[in-house]
Amino acid sequence: MNTTPAAIADSCLCLAVMRAARRTARRFDDALRPMGITSGQFSILVAIAASKGASLGEIADRMGMDRTTLTRNLKPLETEGVIATEADPDDARRRRLVLTQTGGALLTLATPHWQAAQKATEAQLAGPAAGARAILTEME
């Protein structure tokens with residue numbers, strides 16, 4: 001295996017995945033910008049909406065993030081009144097994340113913007129790259 005910096009730059013899987021992730025995130029960020037949110041914020045809103053009142057830890061696990069990173073990313077959404085935390089009715093020590101009415105409306109309005117970016121990305125992954133989603137989904 002050639003380990004010169006040029007060879008590593010040309011063959012490094014980590015670099016290629018990171019580059020693809022940044023480009024993909026940029027595409028979704030550009031699509032969601034008119035809604036005033038980033039792709040990361042959209043993903044958080046989707047995770048909260050899909051989880052129906054999960055805890056911060058459960059959302060962090062679902063998104064593959066650590067709790068401190070998620071907490072930092074939740075702050076602007078909470079400040080804007082898009083999400084809220086509620087006490088769990090079964091365990092007052094546990095806090096649940098929920099979308100507010102504003103958050104639900106934002107998610108509804110942002111979804112067509114996400115769909116456009118999703119469609120463009122799926123088109124790019126057609127053909128030889130068609131198995132990429134399955135491979136990326138299975139990676140731990």
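The paragraphs below go through this predicted model from the whole chain down to single residues.

The protein chain has 7 helices and 2 strands. Read from the N terminus, the elements follow the order α-α-α-α-α-β-β-α-α. The C-alpha trace spans about 60 × 30 × 25 Å along its principal axes. The chain has 140 residues, of which 26% count as buried. Contacts between residues at least 6 apart in sequence can be sorted by their separation along the chain: 48% of them join residues at least 24 apart.

Helix H2 covers residues 13-32 and helix H6 covers residues 101-124. Their axes come within 8 Å of each other and cross at roughly 150°. Angles over 145 degrees count as roughly antiparallel, so H2 is roughly antiparallel to H6. The crossing of the two helices is right-handed. On the H2 side, the contact is made by Thr-24, Arg-27, Phe-28, Ala-31 and Leu-32. On the H6 side, the residues are Ala-110, His-113, Trp-114, Ala-117, Gln-118, Ala-120, Thr-121 and Gln-124. By type, the residues of this contact divide into 7 nonpolar, 5 polar and 1 charged.

Helix H6 also holds Glu-122. Is this residue buried, exposed or partly exposed? Glu-122 counts as partly exposed, because its relative accessibility is 36%.

The cysteines are the last topic. How many disulfides does the structure hold? The number is 0. A disulfide is a covalent bond between the sulfur atoms of two cysteines. Cys-12 is in no disulfide, and the nearest cysteine sulfur to its own, that of Cys-14, is 5.2 Å away. Cys-14 is likewise in no disulfide, with the sulfur of Cys-12 as the nearest cysteine sulfur, 5.2 Å away. As for accessibility, Cys-12 counts as partly exposed because its value is 27%. Cys-14 is partly exposed too, with a relative accessible area of 47%.

How values were computed: Residues numbered from 1 in each chain as written. Predicted model: local features only at pLDDT ≥ 70, side-chain atom pairs only at ≥ 80, totals over all residues. Heavy atoms only, no water. Axes fitted to C-alpha atoms, helices over the stretch in contact; angles between N-to-C directions. Helix = DSSP H or I, 4+ residues; strand = E, 2+ residues; numbered from the N terminus. Parallel < 35°, antiparallel > 145°, perpendicular 65-115°, else oblique. Left-handed = near helix turned anticlockwise from the far one by under 90°. Contact = heavy atoms within 4.5 Å. Nonpolar A, V, L, I, M, F, W, Y, C, P; charged D, E, K, R; others polar. Disulfide = S-S within 2.5 Å. Buried < 20%, exposed > 50% of the residue type's maximum accessible area, 1.4 Å probe, protein only.
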